[in-house]
Amino acid sequence: MSNKRILSVLLITVLTLVAFCSCFYISGNALSQLTNITQLNYNLKSDTLPLTIKDIESLSERISFNQVSFCAELDETNVKEETVTPVLTNEFYFEIYGQTLNGSGITKENTENKNKVAVIGSSLALKLFFNTDAVGMTIEFNDESYTVCGVIEENENIINRLSTDGKQRVYIPYTCYSDYGNCNIDTISYSNSASSAPLIEQMALSQYHSTNFSDKAKVIKSFEHILFFILFVALCFISFKIWYGTCKKACNRYKRKSERKLLF
């Protein structure tokens, strides 16, 4: 086999391995972020108005909203020189998304007592305090002071960078905002194992687009199985080619030796 052919085979092998490793890295990272939840995002093109927090409170009197969270984004504002988006949420948000926190998330006591606490991302904490250990620090926006109770440990990988919308969110208990009842809900999230999950699925919420992360995880796992199968077939083909080439060379050597013996 010529040197050029050997280099071509090696190059193709390396590029194939890099492609497979990249696919497995992307799928593995995506799976780590897909928890067993369903997320409802408000469709901005819908003719139906979104639910308000007042609507959710009315519903919670009839059905259990355990393991159900919601987010209502307020208008952008500034913390020092950074533009942030305040987000009203409840005590289940960080629990059902399984986000890693330094400190604590928003608790039931925070919502009941209308505590002015906040959870921020590690990148925002670094910009504001030059340190990601910002628990106990104070931030001010909209003429109100909030104590940072938790910092989200953000994973700065390429997948997250590509999927982020660029907003710097500050999560606060919804009850600490004076006019929270009239705030529109942008996102409703619930654990698929929550007792109220079947009831929420039967509600007429056509203005929201539903995404079941468990279904997406199944699709990614199926994709991984296909990749494993392709890799297995490719390795079998390469092994067969190597075995065939080795056997062919051995047969040719044996044939030449036999011919030499017959000549002498």
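Eight aromatic pairs turn up when the whole structure, a predicted model, is searched. One of them joins tyrosine 42 and tyrosine 208 in an edge-to-face arrangement, with 5.7 Å from centre to centre and 65° between the planes. This pair links distant parts of the chain: tyrosine 42 belongs to strand S1 (residues 37–42), tyrosine 208 belongs to strand S11 (residues 208–212), and the two are 166 residues apart. Tyrosine 42 and tyrosine 208 are both buried.

Phenylalanine 141 and tyrosine 146 make an aromatic pair that is stacked. Their ring centres are 4.6 Å apart, and the angle between the planes is 10°. The pair counts as stacked because planes under 30 degrees apart are classed that way. Phenylalanine 141 and tyrosine 146 are both buried. Ring pairs can also build a group: Tyr93, Phe94, Tyr97 and Tyr171 are linked by them into a cluster.

The next topic is the nonpolar core. The largest one has 41 residues, and the members that touch the most other members are Ile53, Leu88, Ile120, Ile139 and Val170. Helix H5 (residues 122–129) gives the most to this core, contributing four residues.

Leaving aside residues up to four places away in sequence, leucine 88 touches Ile53, Phe70, Cys71, Ala72, Leu74, Ile172, Pro173, Tyr174, Tyr177, Tyr180 and Cys183. Another core, of 14 residues, lies apart from the largest one. Its members include Cys71, Ile106, Val117 and Ile152.

Note on methods: Residues numbered from 1 in each chain as written. Predicted model: local features only at pLDDT ≥ 70, side-chain atom pairs only at ≥ 80, totals over all residues. Heavy atoms only, no water. Core = buried A, V, L, I, M, F, W, Y, C linked by side-chain atoms within 4.5 Å. Buried < 20%, exposed > 50% of the residue type's maximum accessible area, 1.4 Å probe, protein only. Contact = heavy atoms within 4.5 Å. Phe/Tyr/Trp six-rings, centres within 6.5 Å; stacked < 30°, edge-to-face > 60°.
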